[in-house]
Amino acid sequence: MENKPSGPEAPAAPAPAPSDFIRDIVAAHVSEKKYPQIHTRFPPEPNGYLHIGHAKSICLNFGIAREFGGVCNLRMDDTNPTKEDVEYVDSITEDVKWLISGWADDRLGLKPKGMTLEAQQVNGKPDFYLPPKLSTLSPQPSTSLEPFYASDYFSQIYEYAVQLIRKDVAYVDDLSAEDTDTYRGSPDHPGKESPFRTRSIEENLDLFTRMKNGEFPDGARTLRAKLDMASPNIWMRDPILYRIRHSEHHHTGGQWCIYPMYDFAHCLSDYIEGITHSICTLEFEVHRPLYDWILQRLDLPRPLPHQYEFARLSLGYTVMSKRKLMQLVQEGLVSGWDDPRMPTISGLRRRGVTPQALRDFAYNIGITKYNGITDVAVLEYCIREDLNRRGLRRLAVLRPLKVVITNYPAGQVEELEAVNNPEDPNAGKRKLPFSRELFIEHDDFKEVPPPKYFRLRPGGEVRLKYAYIIKCDEVIKDAAGQVVELRCTADLDSKTGGTTAGRKVKGTIHWVSAAHAIEAEVRLYDRLFTVAEPDATGDFKQHLNPHSLEVVAAKCEPSLQDAQPEICYQFERLAYFTLDKNSAPGKLVLNRTITLKDNWAREAQKR
RNA sequence: UGCCCGAUGGUGUAACGGUAGCACAGCAGACUCUGGAUCUGUUUGUCAUGGUUCAAAUCCAUGUCGGGCAGCCA
């Protein structure tokens, strides 16, 4: 018996290099040698788990890094201490590493743990630059490397803010949150300048220092850029750069009580890390002028990063916003962020989806600026294609129906040979015990078969996979009239290699030997929502699929006793499964990743 | 009714002024000791109207429709 693990190194069909409008831009920059090296980054905020939409972004950013000989930094965009947590930085780090493993892990830019930035001179100007360490090229164990954190740059970002004040393009504003809103105006009406806008540089400097020193309560003052309150672009109407927040930060602790806003921190973090291409989603398009404005206002000696935007992923039959996913978790509607029904990376992983399948999916859907909804069938196709290549075939019965082979001697046991994966000869073979009493799938017998049904029926014949052709002689029912047992006779010469092995019968079904079968808790997952666009109308939770999880006690062939985590098993004719983290020796728990394509179900549906 | 962005079969994408192609889905068939896989065939499309051009999905104009932007969130 041979069980070749089907790890992430299983061969994949080579796909042509992807192409899209962002890669076109990068390729042009490479050919004109605009940068010494292409440098992207993946900058999640650690306020939730990564989902398949992030996977799209990860594949883009790391894909560009690997295709153009560059690096992609993993960076925690952690400028809002009230929403963030180390639980999320840990899960994010793990998910990213898992997704890029065997593909772009040699492109992963990290930094030595605890390393701090120091001022240096570049072209005669002071500069802050934090080059990446590649995790797999580093001689140190990877535990000495960690992701980048925007919060590691708070001191530098503060210095840059001071510079803006000195240039008189930033000021401390005393307006309340409500007044700030009112003064901002609306998209079709210009805003109004704050009465504090004309403070002297000295006063601004003094006030900003005192903000940093904790002299003012939350919300009392902000630092604002001095732009144009009449700009048609809301984000150019004196955007807030810093706010006061007296709260503990998961990474910097109690060191700061003022925190930079996204717009201020992000472009500077990109610059500090030497990012060349800062790729984000479409909603940041209107922020780009601000991104450029900030960087251009400072005397920065190195090339400036540029922002490019693409459409985020929307996928049918699920929700993608972190807020909604958080709601599902907190309200106990799923078992956690890694519930196998969740579109999170950890959920998909627990479900049995491989990094390869997710990367194939990202490749297939492409990168554009068009906001569409991707058919979940594309994801399902990518999962099936990948799992078909690597899944170890096993026989298991989800809803058992007892079958007695009346002409097979009681007590006799045969060891039949079965192939582990017809797609992969290297996967080897295993032995399957056969005996007089078996279980077959309840669905594989119909007393009154519908048209075109070619499984077992009274008086009919069917082949037991790897074993004999059997004929149904008798149907035994319980008091309620339910079929509880079948009495069959086998064509004892029809076994593989036997004299009548070549006999054609229309149907082949799976089975397990009753005496040898092992029990498993099998979790059958389905789509989390019943409609393609759960958040199109009303409360998305009203569209939750009540049948998204069904648990059955399955009868499995004995070799499944040795099932390993992170390995894909195909229960023949049924679906792909993987061990759940709740599984333990003696108590198998398996998750259904996805069903096999079922043309019969479709045929039956038509009637 | 301000500004920005977008629009190619049912869905997602390609074509970079020169034959509208690919994938998924669908449909039909072949093959099969998985109604799996594989293979073959096939239905369906350039938002509209003008303009530029020998030639427009592509460039221009106008319109229509869709998305984004008014957090001291990211």
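This is a predicted model: local features need pLDDT of at least 70, side-chain atom pairs count only at pLDDT 80 or more; totals for chains, interfaces and linings use all residues.
Residues are numbered from 1 along each chain as its sequence is written, and chains are lettered from A and ligands numbered from 1 in the order written. Local features need pLDDT of at least 70, side-chain atom pairs count only at pLDDT 80 or more, totals for chains, interfaces and linings use all residues, and side-chain values use heavy atoms, with hydrogens and water left out.

**Exercise 1. Describe chain A as a whole.**

Step 1. Count the elements. Chain A has 13 helices and 30 strands. Both are DSSP runs numbered from the N terminus: helices are H or I with at least four residues, strands E with at least two.

Step 2. Take the dimensions. Along the principal axes, the C-alpha atoms of chain A fill a box of roughly 100 × 50 × 40 Å.

Step 3. Check burial. Of the 607 residues in chain A, 53% are buried. Buried means under 20% relative accessible area, exposed over 50%, and partly exposed in between (1.4 Å probe, protein chains only).

Step 4. Check contact range. A contact means heavy atoms within 4.5 Å. Among contacts in chain A with a separation of 6 or more, 72% join residues 24 or more positions apart.

**Exercise 2. Trace the sheet that runs from β15 to β16.**

Step 1. Write the order. The open sheet has 7 strands, β15-β28-β29-β30-β26-β27-β16, with mixed pairing. Two strands pair if DSSP finds at least two bridges between them.

Step 2. Find the edges. β15 (392-394) and β16 (396-397) each pair on one side only.

Step 3. β16 pairs with β27 (residues 549-556) in the antiparallel sense over 2 bridges. Ala396 stands opposite Cys556 in β27.

Step 4. α12 (residues 376-390) lies across β15, β28 (569-571), β29 (575-579) and β30 (588-595). Its angle to β30 is about 125°. Axes are lines fitted to C-alpha atoms, for helices over the stretch in contact, and angles run from 0 to 180 degrees between N-to-C directions.

**Exercise 3. Which way do the residues of strand β9 point?**

Step 1. Recall the rule. In a regular strand the side chains alternate between the two faces of the sheet.

Step 2. Apply it. In β9 (residues 170-173), Ala170 and Val172 point one way, while Tyr171 and Asp173 point the other way. All are buried.

Step 3. Find the partner. β9 pairs with β10 (residues 222-225) in the antiparallel sense over 4 bridges. Arg224 in β10 is the bridge partner of Tyr171.

**Exercise 4. Is Leu99 buried or exposed?**

Step 1. Locate Leu99. Leu99 sits in helix α3 (residues 86-100).

Step 2. Read the accessibility. Leu99 is buried because its relative accessible area is 0%.

Step 3. List the neighbours. Beyond four places in sequence, Leu99 contacts Ala55, Ile58, Cys59, Ile345, Pro355, Leu358 and Arg359.
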